[in-house]
Amino acid sequence: MIKLVASDLDGTLFDSNHFISQKNLNAISDLNHSQLNFAICTGKTYSMIKHTCDKLNASYGIFGNGNQIVDLKSGTEIYKKLLDDQDALFCIQFAKKEHLHIHLYTENEVISESLQYLDLRNYKLHRSSNSELSFKIVDSVEDYISQNQPHIFKLVISKQGNLNSLKEVLSSNSNLNIQLVRKYDKYKDFFINKEYEYLDIMPKGINKNHALTILENYLNVTKDEVMAIGDNLNDIEMIQNSGIGIAVANAYEEVKKVADYTTSVSAQHGGFAEAVYKFIPFK
C-alpha cells in the first residue's frame with residue numbers, strides 16, 4: 001500500500017510552460033482527501049515555490065534537490081545542509097577561467113552577475129508571483145561570498161555548450177555533489193527559448209533520494225510504501241529506489257529506463273494523474 005507520493009515539479013506536475021493540468025490538480029486533491037502524504041521534490045528552494053506548495057496543499061517539501069526538507073503542514077524544518085563558502089569559491093574560480101555563467105541560491109535570494117539561463121527563467125517565473133524570492137545582481141559573485149558569507153543552498157554554472165570537462169575537474173573536490181542537466185532539443189528551455197547545460201552543485205551526499213530516505217524515516221514508512229514520480233536526471237535515484245518508480249511520458253530516456261512504469265501522456269496532459277490513479281486504489 002502506498003503511503004507517500006513524492007513528485008518532481010517542473011516537467012512532472014508542471015509542463016514546460018509552467019502550467020499544471022486540471023487532471024493533475026484533481027489527483028493531488030484526491031491524495032489529500034484520502035490523507036495520503038504528498039511531497040514535492042524539486043531543485044528549487046523553498047522560498048521560490050512556497051506559494052506553489054500552498055496552492056497544491058502539499059504535506060512535505062524536499063527542496064534544493066535535497067538540501068532542505070520542510071514539514072509544510074507545521075512549517076517545521078526537518079533537515080538542512082548548506083554548501084560551504086570555500087567549496088563554492090573553489091568551483092567559481094574554475095568557472096571564471098572559462099568565462100561561464102554563475103549564479104547561487106540562498107534561502108531567499110538568487111545572486112548573479114547577470115540574468116542569462118536558469119536564473120533568467122526563475123526571474124521571469126517569479127517576478128509577478130507572490131514568491132518570497134528576490135534577485136540580486138552583483139559585480140562579483142566571489143566578492144559577494146567573501147564579504148557577506150551567505151548561507152548558500154546551491155551553486156549553478158551554465159553554458160551553451162558541453163560542461164562534461166568542467167564537471168570532471170570539479171569532481172576532484174570530495175565535498176561536492178555535481179549533477180549535469182542538459183536542456184537541448186525536446187528538452188530545450190522553451191520558457192526562455194534557450195538551449196544550454198548547467199551544473200547543479202550541492203554538498204556531498206545531497207540528492208533527492210537521500211532526502212526522501214530522511215523523510216521516509218521521519219514518517220516511519222518503508223521504501224516499498226513510496227511512489228516517486230519524475231522526468232529529469234536528478235529524479236533517477238529516487239525513482240530507482242522507491243516501491244513504485246514512475247517516469248512521465250516526456251521524461252528523459254535515462255529516467256524511463258529505470259522506471260517501473262512510464263505514463264502514456266506527458267505532464268501537460270496529466271501524466272502525474274495517470275500514475276496516481278493506476279497504482280492507488282482510492283475508496
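This is a predicted model: local features need pLDDT of at least 70, side-chain atom pairs count only at pLDDT 80 or more; totals for chains, interfaces and linings use all residues.
**View 1. The six-stranded open sheet.** Six strands, in the order β8-β7-β6-β9-β11-β10, form an open sheet whose pairing is mixed. At the edges stand β8 (134–137) and β10 (176–183), each with a single partner strand, so one side of each is left without a neighbour in the sheet. Direction ignored, neighbouring strands of this sheet are turned against each other by 20 degrees on average. Helix α4 lies across β6, β7, β8, β9 and β11, and runs at about 50 degrees to β6.

**View 2. Strand β6 and its partners.** Five of the five residues of β6 are buried, so this strand is largely enclosed by the rest of the structure. From β6, His101, His103 and Tyr105 point one way, whereas Ile102 and Leu104 point the other way, and all are buried. With strand β9 (residues 154–159), β6 runs antiparallel and is joined by five bridges; here Ile102 stands opposite Ile157 in β9. With strand β7 (residues 109–112), β6 pairs in the antiparallel sense over three bridges, and Leu104 stands opposite Ile111 in β7. Strand β9 is in turn joined to strand β11 (residues 196–203) by five bridges, the two running antiparallel, and Leu155 stands opposite Ile201 in β11.

View 3. Strand β2 is mostly covered, with five of its five residues buried. Asn37, Ala39 and Cys41 point one way from β2 and Phe38 and Ile40 point the other way, and all are buried. Strand β1 (residues 4–7) runs parallel to β2 and is joined to it by four bridges; the bridge partner of Ser7 in β2 is Ile40. Strand β3 also runs parallel to β2, with three bridges joining them, and the bridge partner of Ala39 in β3 is Tyr60. A right-handed β-α-β unit is made by β1, α1 and β2, and another right-handed β-α-β unit is made by β2, α2 and β3.

**View 4. Helix α2 and its buried residues.** In helix α2 (residues 46–56), the buried residues are Tyr46, Ser47, Met48, Ile49, Thr52, Cys53 and Leu56. An α-helix has 3.6 residues a turn, so residues three or four places apart point the same way. The buried residues of α2 pack against strands β2 (37–41), β3 (60–63), β4 (68–71) and β6 (101–105), and against helices α1 (22–33) and α4 (118–126). The helix is followed by Asn57, whose phi is positive, near 55 degrees.

**View 5. The crossing of helices α1 and α10.** Two packed helices are described by the angle between their axes and the distance between the axes. Helix α1 and helix α10 (residues 271–279) pack at an angle of about 35 degrees, with their axes 7 Å apart, and their crossing is left-handed. On the α1 side the contact is made by Lys23, Asn24, Asn26, Ala27, Ile28, Asp30 and Leu31, and on the α10 side by Gly271, Phe272, Ala273, Val276 and Tyr277. By class, this contact of α1 with α10 has seven nonpolar, three polar and two charged residues.

Key. Residues are numbered from 1 along each chain as its sequence is written. Side-chain values use heavy atoms; hydrogens and water are left out. Buried means under 20% relative accessible area, exposed over 50%, partly exposed in between (1.4 Å probe, protein chains only). Contact means heavy atoms within 4.5 Å. Two strands pair if DSSP finds at least two bridges between them. A crossover is right-handed if, with the strands pointing away from the viewer, the path from the first strand over the helix to the second runs clockwise. Axes are lines fitted to C-alpha atoms, for helices over the stretch in contact, and angles run from 0 to 180 degrees between N-to-C directions. A crossing is left-handed if the near helix is turned anticlockwise from the far one by less than a right angle, and right-handed if clockwise. Ala, Val, Leu, Ile, Met, Phe, Trp, Tyr, Cys and Pro count as nonpolar, Asp, Glu, Lys and Arg as charged, and the others, Gly among them, as polar.
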